[in-house]
Amino acid sequence: MDIPRPNVAKEKRKKRIIYGAIAGLVLIGITVLLARLKPAAPTVERNLVWIDTVKRGPMTREVRGLGTLVPEEIRWIAARTQGRVDQIILRPGAVVQPGSLILVLNNPDVVSAAANADSQLHAAQAQLTNQRIQLESQVLAAESAAANAKSTFQQAKLQAEVNEALFKDGLVSPLELKRSTVLADEAELRNEIEQKRYAFAKDSIKPQLAVQEAEVERLDSLAKLRHEELDALQVRASMNGVLSALPVEVGAQVQPGTNLARVADPTKLKAEVRIAETQAKDIAIGQVAQVDTRNGIVDGHVSRIDPAVQNGTVTVDVSLTGELPKGARPDLSVDGKIELERLDDVVYVGRPAFGQEKSTVGIFKLAENGSDAVRTTVQLGRSSVNTIEIVHGLVPGDRVILSDMSQWDSNDRIRLN
């Protein structure tokens with residue numbers, strides 16, 4: 001028979017309450033524990049990141065840029081007159097010397113102008129010669145008249161002296177003596193006049209010829225100018241070098257001042273290196289530089305800095321002091337590197353892909369186990385092409401990740417696989 005147990009239901013209800021309270025406390029504890037747990041660190045393949053070790057020692061600050069080799073001596077040959085390209089003798093790449101014929105222009109007006117200038121010059125020269133002969137004839141006539149006047153004066157003077165002596169002896173009348181004296185005075189006056197006339201005629205030759213001589217000189221200069229224009233129809237090189245450009249073809253009509261050919265000296269080259277404007281502030285003239293031609297490295301120094309910025313870069317001219325390697329030629333693409341300064345004792349590391357000089361960035365530093373990396377705030381200093389100074393945040397021996405880690409900006413820890 002059944003025995004009644006009035007406390008069984010009460011005890012079961014009590015146990016259920018206790019078990020429910022315990023389950024609730026456990027659930028609350030698990031929830032709190034899970035809330036306090038940090039999210040799992042993402043995994044990154046080790047072979048996909050660049051890891052470098054922080055070092056201490058000397059560091060050379062450098063900047064680098066792409067550029068081209070250009071000749072130091074370039075000379076454009078321009079057209080002096082209007083003309084049509086009649087014949088091309090040499091093509092770009094040809095070696096030229098002073099006087100080498102490059103191309104020939106044609107302009108009938110220039111040929112006609114040179115001939116007319118010669119004709120006018122010859123006419124002026126003939127007129128000058130004729131005028132000189134006429135003036136010399138006038139001088140000779142004046143000289144002859146002066147000689148006759150002098151002779152007449154001397155004869156009259158002599159006759160007057162003779163009559164004066166005869167008058168003393170009573171052999172000549174006073175009237176005859178007076179007459180001879182008057183003739184002598186008249187002859188003396190005529191002699192003086194003729195001598196002055198001769199001197200004037202002789203001295204006036206040069207002023208009278210000066211006007212015509214000036215005209216001859218003017219026409220001679222004009223004829224030379226016209227012949228220079230005629231000679232300029234044959235375009236010739238004016239220096240030793242290589243014909244590097246010929247921007248015209250046969251039949252082209254050119255105007256005065258049009259560039260017809262460019263001659264460059266391939267033995268004297270310099271590098272025009274384009275440096276980013278943010279890195280060009282410390283460049284100074286005279287700094288040591290190196291130019292990589294892909295076939296050898298040439299030493300040089302900074303010789304000019306362009307004051308203007310173009311397309312975000314500054315053009316820097318590097319004069320080459322070393323011997324050019326084989327294959328170096330104008331317009332060859334090169335890689336230039338300029339040394340800014342040498343730092344003797346600094347803490348530095350390879351330049352990260354995401355940090356600029358004198359800035360503060362977050363860099364993942366590897367833990368001692370080599371598998372975990374923690375984001376560390378690092379203050380960067382002066383930079384170079386491949387290295388950058390560490391001012392604060394890292395010490396020599398630390399290993400850091402220099403690759404672009406922007407996709408893990410929301411994580412402070414990563415794990416290397």
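Ile18, Tyr19, Ile22, Val26 and Ile30 make a nonpolar surface patch of about 490 Å². Patch members have over 30% relative accessible area and no salt bridge, and nonpolar side chains (Val, Leu, Ile, Met, Phe, Trp, Tyr) are joined within 5 Å. Areas come from the Shrake-Rupley method with a 1.4 Å probe. Ile22 sits in helix H1 (residues 8-36). Its relative accessible area is 46%, so Ile22 is partly exposed. Buried means under 20%, exposed over 50%, and partly exposed in between.

This is a predicted model, in which local features need pLDDT of at least 70, side-chain atom pairs count only at pLDDT 80 or more, and totals for chains, interfaces and linings use all residues. Residues are numbered from 1 along each chain as its sequence is written, and side-chain values use heavy atoms, with hydrogens and water left out.

**Strands**

Helices (H or I, at least four residues) and strands (E, at least two) are DSSP runs, numbered from the N terminus. Two strands pair if DSSP finds at least two bridges between them. An open sheet of four strands runs in the order S8-S7-S5-S10, with antiparallel pairing. Strands S8 (234-236) and S10 (253-254) stand at the edges with a single partner strand each, so one side of each has no neighbour in the sheet. Two bridges join S5 (residues 83-88) to S10. Arg84 has Gln253 in S10 as its bridge partner.

Strand S9 (residues 241-245) pairs antiparallel with S6 (residues 95-96) over two bridges. Here Val95 partners Val242. S9 also pairs antiparallel with S11 (residues 259-264), over three bridges. Leu243 stands opposite Val263 in S11.

**Salt bridges**

A salt bridge is a side-chain nitrogen of Lys or Arg within 4 Å of a carboxyl oxygen of Asp or Glu. The count comes to 25. Among them are these:

| Pair | N to O distance |
|---|---|
| Arg61 and Glu341 | 2.7 Å |
| Glu186 and Arg190 | 2.8 Å |
| Asp317 and Lys270 | 3.1 Å |

Arg61 lies in strand S3 (residues 55-71) and Glu341 in strand S16 (residues 333-350), so their bridge ties together parts 280 residues apart in sequence. Arg61 is buried at 6% relative accessible area, while Glu341 is partly exposed at 28%.

Glu186 and Arg190 both lie in helix H3 (residues 174-203), four residues apart, about one turn of the helix.

Asp317 is buried, at 2% relative accessibility.

**Thr315**

Thr315 is in strand S15 (residues 313-320). Is Thr315 buried or exposed? Thr315 is buried, with a relative accessible area of 15%.

Key
Patches are made of residues with over 30% relative accessible area and no salt bridge: like charges are joined within 9 Å, nonpolar side chains (Val, Leu, Ile, Met, Phe, Trp, Tyr) within 5 Å. Buried means under 20% relative accessible area, exposed over 50%, partly exposed in between (1.4 Å probe, protein chains only).
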